[in-house]
Amino acid sequence: MTSASVTLHDHDDNLAVTPGLRKRQIVAGLWRWIFVLATTLAVIALGLLGWYIVSRGYDWLSWDLLTNMASRRPERSGLNVAIYGTLWIIS
Amino acid sequence: MSSAAEPRQPNHPGPAVAGVDYALLRRQKFVERLAGLVLMACAAVSIFTTLGIVIILLSEALRFFQTDSIVGFLTGTRWTALFEFDQSFGVLPLVSATLMVTLIAMLVAMPAGVMSAIYLSEYASERSRSFLKPTLELLAGIPTIIYGYFALSFITPEIIQRIFPGASIFNVLSAGLAVGVMIIPLVASLSEDAIRAVPRAMREGAYAMGATKFEVSTRVIVPAALSGIVASFILAMSRAVGETMIVALAAGSLAQVARDPLDSAQTMTGYIVQVVSGDVVRGTNVYYSLYAVGLLLFVMTLSLNIFSHWFVRKFREVYE
């Protein structure tokens with residue numbers, strides 16, 4: 001498409017059939033980036049979410065957390081029972 | 001079925017043909033019928049589940065309306081169900097919060113979803129599409145409780161309260177934004193399906209007339225796919241109306257008629273969560289009010305879905 005538009009601009013007298021071609025192409029180019037932006041918005045949201053969870057959760061992740069039972073003492077508490085519960089629901 | 005010696009079949013009148021294994025035929029027929037019955041039973045499970053839900057909702061809600069009037073329920077602006085004294089069941093605060101969350105979510109999801117759909121089907125190369133599409137769909141697979149905590153502990157303090165310092169820690173805007181992000185993939189993938197169904201000849205015709213890509217997209221393809229796009233909006237809306245965990249966590253539990261998106265409010269689903277996770281006594285008014293709110297919610301999402309079906313049937317452009 002670009003090569004076609006270049007030749008058109010070389011013969012400006014012929015542009016009467018397509019008034020404002022230049023402007024239309026600029027508008028189209030702008031919107032292309034708006035569409036890209038809208039699509040990356042979702043990717044950015046996903047990235048933020050992933051980063052947020054990993055950065056806050058990574059330090060707390062350990063085998064003890066996964067295998068310990070729930071406890072009143074936070075440093076001993078674990079997800080063992082909750083994990084089994086989830087598995088039971090799925091099956 | 002054991003009497004294989006029987007020479008004639010009731011369904012096959014006429015003399016027995018030599019070389020035909022009638023026992024086998026009978027067995028096949030039996031298996032066919034059995035398979036049909038089993039499959040029908042599977043389909044019936046979901047139908048009966050739906051029926052069961054509707055019947056329970058209706059019967060329990062009716063009990064609520066024996067003591068409280070329907071008109072008062074639908075038009076009242078005070079919801080103080082969990083007060084010990086001076087209980088009032090006017091559902092408008094809950095409905096208004098639900099609608100506000102839905103509105104904010106749609107303001108996020110409609111433009112982002114449709115533009116992603118246009119980009120994915122018209123602009124993106126096969127390579128970037130194969131990366132972007134699964135990434136988008138990943139958003140739909142995240143458990144809603146994670147969105148809820150994300151809204152409460154990231155979107156609110158890190159984004160909203162920085163821009164609007166007066167915003168409440170529980171606020172409708174935060175919940176609405178999170179719900180909006182969650183339903184982007186729904187809008188995007190349904191709209192993209194509709195856009196891809198527009199015949200190639202229409203694009204080529206427009207390009208041959210000298211239209212730019214943007215003009216082809218917005219003046220030919222989007223109008224041609226409009227019924228599918230609107231249907232995706234409506235389905236996304238019904239998803240937003242029914243969304244529970246995000247709003248229960250992020251929007252708060254203050255039942256007031258929602259006016260300010262920076263203030264906290266309780267949605268219909270949020271109220272249901274609050275009551276079922278509490279210790280409400282079975283058989284009380286509060287208990288039955290759950291079903292009244294649930295019924296209203298069900299009616300809302302059901303009518304949205306019916307409207308979307310009707311809309312697609314009525315406005316679909318059928319191309320050969």
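In which hand does α5(B) pass α6(B)? The crossing is right-handed, a term used when the near helix is turned clockwise from the far one by less than a right angle, anticlockwise being left-handed. Before going on, note that this is a predicted model, where local features need pLDDT of at least 70, side-chain atom pairs count only at pLDDT 80 or more, and totals for chains, interfaces and linings use all residues. Residues are numbered from 1 along each chain as written, chains are lettered from A and ligands numbered from 1 in written order, and side-chain values use heavy atoms, without hydrogens and water.

Two packed helices are described by the angle between their axes and the distance between the axes. For helix α5 (residues 144-163) and helix α6 (residues 172-196) of chain B, the axes come within 9 Å and cross at roughly 130°. That makes α5(B) oblique to α6(B) (under 35 degrees is roughly parallel, over 145 roughly antiparallel, 65 to 115 roughly perpendicular, and the rest oblique). Among the α5(B) residues in this contact (heavy atoms within 4.5 Å) are Tyr147(B), Leu152(B) and Ile155(B), while α6(B) brings residues including Leu173(B), Leu177(B) and Met182(B). By class, the contact of α5(B) with α6(B) has 10 nonpolar, three polar and no charged residues.

Now turn to helix α3 (residues 92-123) and helix α9 (residues 226-242) of chain B, whose axes come within 9 Å and cross at roughly 145°. α3(B) passes α9(B) in a right-handed crossing. Met106(B) and Met110(B) are among the α3(B) residues that make the contact, and Phe233(B) and Met237(B) among those of α9(B). Here the classes are 10 nonpolar, two polar and no charged residues.

Over all chains, the structure holds nine salt bridges (a side-chain nitrogen of Lys or Arg within 4 Å of a carboxyl oxygen of Asp or Glu). In one of them, the closest N and O atoms of Glu192(B) and Arg129(B) are 2.2 Å apart. Glu192(B) lies in helix α6 and Arg129(B) in helix α4 (residues 126-141) of chain B, so the pair ties together parts that are 63 residues apart in sequence.

Finally, look between the chains. There, 25 residues of chain B are in contact with 23 residues of chain A. About 2,300 Å² is buried between them, with carbon and sulfur atoms giving 81%; buried area is the accessible area (1.4 Å probe) that two parts lose on being put together, summed over both. The count between chain B and chain A is one salt bridge: Arg24(A) meets Glu215(B) through their side chains at 2.6 Å, N to O.

Technical notes
Axes are lines fitted to C-alpha atoms, for helices over the stretch in contact, and angles run from 0 to 180 degrees between N-to-C directions. Helices (H or I, at least four residues) and strands (E, at least two) are DSSP runs, numbered from the N terminus. Ala, Val, Leu, Ile, Met, Phe, Trp, Tyr, Cys and Pro count as nonpolar, Asp, Glu, Lys and Arg as charged, and the others, Gly among them, as polar.
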